[in-house]
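Here is a short tour for your next look at the model. Have the viewer open and follow along as we go.

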Amino acid sequence: MTNGEHAITGADLDWDAAAPTFDDEPDHGLRDPEVRQAWASRLRTWLPERASDILDLGCGTGSLSLLAAEQGHRVMGVDLSPAMVDLARAKLAGRDAAFLVGDAAGPPVGEERFDVVLARHLLWTLPDPARVLRHWRGLLRPGGRLVLVEGVWGTVSPVGIPADRLTGLLAPLAGQVRLERLSDDALLWGKAVDDERYAVVAWV
C-alpha cells in the first residue's frame, strides 16, 4: 500500500481508523470510471470465464470483490479490520458475497475451497510469504488459481516483494505462472508510477 508517496506497512497503520478515507486513493475506491474500467478489464483476464468462487484476502472495502461480483462470480472476502469489512458488506449489499473478519494469512473459511484466491498488496506485509502461499494453495480446488497483485514501493526505504522473488516462491507450488507488469498502465493507479507493480496468476 502507499499513502501518497510514503510507503506504509500493515504494522504502521490502524486499518480501522484508515477505513473511512481508504477509498479516496484512486486504485482503492475505483471511483473514477476510467480507473474502475481498467481494473475490471484486468480482472476479467485474471479470473475464470465461468462463474466461480473467489476468496478475496485482505479485501479492504471490497472494491475488487465488487468487480468480481459484477462479472458473475461468488465472492467471500476476508480482512483483519472490522471497519473495512463493514464497508465491504455495505458496498456489496444484495450481491452474492459474504465477508468475514479474520487473518488473511490463515482465513477462517473452514473446509470451504475456492476456484481463485485473490490478494492485492497483501502478501508483502506478511512475515512468511512462502508459508502463506502454501496455505493459500491448499484453499484452492483442483485447477484453481492464485491471483496476486504486488509490487515494490518507495525509493529511500523500499517495501514490497519483487516479482522475481514471488515467481520463485510460486514455482514449486504451481504448474503455470504468468507475470503481468502493471507499472506502465497509469489508468490502474490514477497517475503515472515509476515503481515496480505487477500481477501474477498461478495455476495449481
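## The largest cavity

In this predicted model, strand 3 (53-57) and helix 4 (63-70) each contribute at least two residues to the lining of the largest cavity. That lining is made up of 12 residues, and those nearest the cavity centre are Gly-58, Cys-59, Gly-60, Leu-64 and Arg-120.

Searching the whole structure turns up 3 cavities of 30 Å³ or more.

## Helix 3

Now turn to helix 3, which covers residues 33-46. Its 14 residues reach 20 Å from the first C-alpha to the last, close to the 20 Å expected at 1.5 Å a residue. At the N-terminal end you will find a cap: a side-chain oxygen of Asp-32 sits 2.7 Å from the backbone nitrogen of Glu-34.

Several residues of helix 3 are buried, namely Val-35, Ala-38, Trp-39, Ala-40, Arg-42, Leu-43 and Trp-46.

## A closer look at Arg-42

Is Arg-42 buried or exposed? Arg-42 counts as buried because its relative accessible area is 17%, and the cut-off for buried is under 20%.

What does the side chain of Arg-42 make a polar contact with? Its partner is the side chain of Asp-185, at 3.0 Å. Leaving aside residues up to four places away in sequence, Arg-42 touches Glu-180, Arg-181, Leu-182, Asp-185 and Leu-188.

Note on methods:
Residues numbered from 1 in each chain as written. Predicted model: local features only at pLDDT ≥ 70, side-chain atom pairs only at ≥ 80, totals over all residues. Heavy atoms only, no water. 1 Å grid on protein atoms, 1.4 Å probe; cavity = no way out; pocket = protein on both sides within 12 Å on 5 of 7 lines; lining within 4 Å. Points joined across faces, edges and corners; volume = space filled by probe spheres on them. Helix = DSSP H or I, 4+ residues; strand = E, 2+ residues; numbered from the N terminus. Expected span 1.5 Å × (residues − 1). Buried < 20%, exposed > 50% of the residue type's maximum accessible area, 1.4 Å probe, protein only. Polar contact = N/O pair within 3.5 Å; in protein donor to acceptor, adjacent residues only side chain to side chain. Contact = heavy atoms within 4.5 Å.
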